[in-house]
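Try each task before you read its solution.

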Protein chains: 2
Amino acid sequence: MGKEKKLVEAITSMEEDFTQWYTDVVKKAELIDYSSVRGCMIIKPYGYAIWELIQKQLDQRFKETGHQNVYMPMFIPESLLEKEKDHIEGFAPEVAWVTHGGEEKLNERLCVRPTSETLFCEHYAHDIQSYRDLPKLYNQWCSVVRWEKTTRPFLRSLEFLWQEGHTAHATAEEAEEETINMLNLYADFCEEVLAIPMIKGKKTDKEKFAGAKATYTIESLMHDGKGLQSGTTHNFGDGFAKAFGIQYTDKENKLKYVHQSSWGVSTRLIGGIIMVHGDNSGLVLPPAIAPIQIAIIPIMQRKAGVLEKAGELKEKLSQTLRVTLDDSDKSPGWKFSEHEMKGVPLRVEIGPKDIEKNQAVLVRRDTREKIFVSLDELEVKVNQVLQVMQQELLEKAKNHRDEHTYTATTMDEMENQLKENPGFVKAMWCGDPACEEAIKEKTGATSRCIPFDQEHVSDTCVCCGKPAKKMVYWGKAY
Amino acid sequence: MGKEKKLVEAITSMEEDFTQWYTDVVKKAELIDYSSVRGCMIIKPYGYAIWELIQKQLDQRFKETGHQNVYMPMFIPESLLEKEKDHIEGFAPEVAWVTHGGEEKLNERLCVRPTSETLFCEHYAHDIQSYRDLPKLYNQWCSVVRWEKTTRPFLRSLEFLWQEGHTAHATAEEAEEETINMLNLYADFCEEVLAIPMIKGKKTDKEKFAGAKATYTIESLMHDGKGLQSGTTHNFGDGFAKAFGIQYTDKENKLKYVHQSSWGVSTRLIGGIIMVHGDNSGLVLPPAIAPIQIAIIPIMQRKAGVLEKAGELKEKLSQTLRVTLDDSDKSPGWKFSEHEMKGVPLRVEIGPKDIEKNQAVLVRRDTREKIFVSLDELEVKVNQVLQVMQQELLEKAKNHRDEHTYTATTMDEMENQLKENPGFVKAMWCGDPACEEAIKEKTGATSRCIPFDQEHVSDTCVCCGKPAKKMVYWGKAY
């Protein structure tokens, strides 16, 4: 029982120590393990199954919108990385360098890709000639490396899994449209599948991607009131095209530069799921992303007929849902705790008395609500409950975010709000990076985004008092 | 028309120069492109779509047999790689070393994984305690790096995509069973999906994996008579377990070492598909692995009703098949050539005369056979033809292999056969590595495998004349 016990041992409560709670959950829900490679995590079967479900559902949305998957080399020669000036400046401090192949010292260092703009650009320069070749709507699923000093599973690690879309278009308008479309696709996916509400907006110049003309972002609020940048899309204009010479002849046979975008989400989304939905019993997974949607727990399973009936239910429900039947010799109580720790959305209990009454007991992971259901309508009811749960998790997360979103018109107000009850603070900004810096120094909050949905909070910049240009979401962030 | 023309330009004929034919096909069928990273390829959308179909179908077979996907770090600290002596000796000459993270020089070099035994072993040592934790049946899909001197797309490259299974078992018997089961799974997959017949057998000690007790292999014969090692499975016994201290307590509470296996196939399989099925018009793809199974080509498409009818057919066939409708303004002849180059299994032609007769014309990619089909039974017929084609491609490949498989009882015989008409040579072997070396020097052939299906070719070793122990398949190989 050593291992079972460990799994259901109490975890640190979120209220006591949110950071420790998070670490406990990722370990005890068996999402990851550590390795001897600093800052790199092992994604265990249960964690990887969540990533596979994210991949599958996102990939389908990418393909439905005309994108194609490719695979680029994982190495980038130093000279190639250096071609776009802002890009190399942004990434040089955080790349891993390969200097030797076997015994031989390389003539030119290769970096392990931190992102692949330069490789896509080199390929596009070679592959695009005419307007007939446009648009190029490529994506790749891969791992990338960024040499971070401090790391946390899923949230910030030396190596992480992600997808990176890289597109090339004939006009600036098309590139901008793609950049916004992909942001919307990400936000819809996060809300519909992960049940995480997103604020969509633009990054300030200080926070934008190295080499981008504009970076857009989806921002979510975690349970502890910190923000999580959950996905970004970048409009490069023709900056990379000029650096790499990506030109095409248009219908009038004129030579033009392409306009480009890139966009990515990563395993970081799993961190978001944990910190938005989890509670003091462990993970809570939205049904759409749960590797196990239903755990059937037989009660008094040694009594005649119980395991048979539980097996029948499993077979029936497995036709459309991801179901497990736990017939191990642990006690039902242990099993409840284990599946709660793993965030399984719905538990189905079935024992001798239930069989007598031709019923089963459903228990929702999030609310613990008990629902008695006739076996005749089990499938219909289970699907209904899962749908409702998916919806209510999103609503709950929205409510939490809205309750932790404040407005501020002065620095003191902002500082106090972030100290007393952390969350997002909506405040006006003059557009000066110096004010952004000053706000960070005083409150610890960074600009999360300039939201598309602008509101008028006050006339003047929360920091300098000069006329305000934009309303900005500020917050402490992961 | 610049690009179209390039695509359907004649490729080098296989008979003239097989190597150049291969290079032409991978480029002109738009499977890959080169990059500025030596020895690394860009897998383009059409090539990647083939890999996705391989992944999807193999992954399903892995999961049906109880395997789970995980993700391990891409870096291996030098000290970890060194833990198993044979393993490091085998791989050290061909790994890429990361020595710097950002500006900082690392205390310990990290290699980019050439394979991940050491990482899985470290994890298992930590994660396995009791017999209840066994077996562990893990797999990962990732890219690996081996610092090869000479490279060829799909067949041998610095970086390639693959899956690597790594399992741990309570007993030697279970580990051996897994090793054989996975070999059979690979062979079945290759025959049923890729239409490539495989010879199953064991590698000689000289050819086995660094650190393995036994390596098993599936070997196929390419059109030019060279062999391709298409997948391998390794039984490690308890060698790695002892080096890494992977122990468990059994039911009697005794401490025991686990027994392990690993197994992998890679994008190399795509090279096999090309070289087994391709012809002088380009790729030929078995329907089960073709990203596009049917290309509908409208004839005289400007005539009223043609494109509408073609669209109808597309919609109908798309419900169960992967279908494209080429309504571009290229001539039908161009379109035929393009889709032939890309190996699309079946072409469906539909023109005004066909519509009048309520028929369509099917043309098989492999045989060019023309089949006139009533539109009323199009779906049924198309599915039949694809099934027959899948089967006949396998039979054709089997016949080619059998016609190019010889027996030899003397070195001269073996040498002459390999020179005149390359293929596999079945010949007896005494078991001495010195003979294996001598055969390689004289004929250029290596031992492909000691097949499970043993035959008695002669009493004595083809090389030294001493009593023979085993019949071996010999051949030149990629």
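This is a predicted model: local features need pLDDT of at least 70, side-chain atom pairs count only at pLDDT 80 or more; totals for chains, interfaces and linings use all residues.

**Exercise 1. Find out why the radius of gyration of chain A fits a compact globule.**

Step 1: take the radius over C-alpha atoms, and get the rule value as 2.2 Å times the number of residues to the power 0.38.

Residues are numbered from 1 along each chain as its sequence is written, while chains are lettered from A and ligands numbered from 1 in the order written.

**Exercise 2. Work out how chain A is divided into domains.**

Step 1: the bounds come from an automatic or database domain assignment. Step 2: read off domain 1 (11–277), domain 2 (294–385) and domain 3 (405–475). Step 3: the C-alpha centres of domain 2 and domain 3 of chain A are 49 Å apart.

**Exercise 3. Describe the contact between chain A and chain B.**

Step 1: count residues in contact (C-beta atoms, placed from the backbone, within 7 Å). Chain A gives 45 residues and chain B gives 45. Step 2: strand S5 (residues 96–101) of chain A supplies the largest share of its side, six residues; strands are DSSP runs of E, at least two residues, numbered from the N terminus. Step 3: look at the pairing, which takes at least two DSSP bridges. S5(A) and S5(B) run antiparallel, joined by five bridges, and A:Ala96 sits opposite B:Gly101.

Conventions. Two residues are in contact if their C-beta atoms, placed from the backbone, lie within 7 Å. Helices (H or I, at least four residues) and strands (E, at least two) are DSSP runs, numbered from the N terminus.
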